[in-house]
Amino acid sequence: MSEAQRTVAEQIAAGPRGEVRGPFIALLHHPALAGKLQELGEQLRWKSKLPKPLLELAVLVTARRWTCQHEWFMHEKLAREAGLDAGIIAAISQRVFPNDAPLDESMVYAFCAEAHASGRVSDATFEAVKSRFGLDGALELLVICGYYSLMAMVLNTAGMPLPGDAKPPLD
């Protein structure tokens, strides 16, 4: 590794991730990008205003949108640990969403689904999320969709294997 790569790898490992893994293995080839993206990811994942189950729901919607096996594999476990309902997780994996899901989960799902379908969230959906989680929460949710889309593209392009040579979880 170059000195710049080593410095960024040390910064990543010293943060809440605890190690260089996933997309950062590939991104280290461009240490300036890796460092900036790591900072954004740390803000979104560990300092978000959104409750953990809803944050992980947004990541799973994104992983499913891009059929990112690695992102889904890692965040499905995190979603379960955060308390996201197993039925919601299973439904998202099948590209559907339960009609009887709680309001917050339904609102986050609708927001993310719109963002991924058209690259835009309707005014009504944005306002609903904004009134529930504040403008900063709505903006975080939008950036989560974009950030994890970027990471899905990096992972899918890099062909990162699943830990322990696990079977791909998404069809």
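Which residues lie nearest the centre of the largest pocket?

## The largest pocket

In this predicted model, the residues nearest the centre of the largest pocket are Arg-21, Arg-45, His-70, Met-74 and His-75. They belong to a lining of 21 residues. Helix α5 provides the largest share, with eight residues.

The space in the largest pocket amounts to about 420 Å³. By residue class, its lining consists of 12 nonpolar, three polar and six charged residues.

## Overall architecture

The secondary structure of the protein consists of eight helices and zero strands. Along the sequence, this gives the pattern α-α-α-α-α-α-α-α. The radius of gyration is 16 Å, close to the 16 Å that the globule rule gives for 171 residues, so the protein is as compact as a globular protein of that length.

Taken along the principal axes, the box filled by the C-alpha atoms is roughly 50 × 35 × 30 Å.

## The packing of α3 and α4

Helix α3 (residues 31-46) packs with helix α4 (residues 52-65) at an angle of about 130 degrees, and their axes are 10 Å apart. Because of this angle, α3 is oblique to α4; an angle over 145 degrees would count as roughly antiparallel.

On the α3 side, the contact is made by Leu-44, Arg-45 and Trp-46. On the α4 side, Lys-52, Leu-55 and Glu-56 take part. The residues of this contact comprise three nonpolar, no polar and three charged. Arg-45 of α3 takes part in this contact and is also one of the residues nearest the centre of the largest pocket.

Technical notes. Residues numbered from 1 in each chain as written. Predicted model: local features only at pLDDT ≥ 70, side-chain atom pairs only at ≥ 80, totals over all residues. Heavy atoms only, no water. 1 Å grid on protein atoms, 1.4 Å probe; cavity = no way out; pocket = protein on both sides within 12 Å on 5 of 7 lines; lining within 4 Å. Points joined across faces, edges and corners; volume = space filled by probe spheres on them. Helix = DSSP H or I, 4+ residues; strand = E, 2+ residues; numbered from the N terminus. Nonpolar A, V, L, I, M, F, W, Y, C, P; charged D, E, K, R; others polar. Axes fitted to C-alpha atoms, helices over the stretch in contact; angles between N-to-C directions. Parallel < 35°, antiparallel > 145°, perpendicular 65-115°, else oblique. Contact = heavy atoms within 4.5 Å. Rg over C-alpha atoms; globule rule 2.2 N^0.38 Å.
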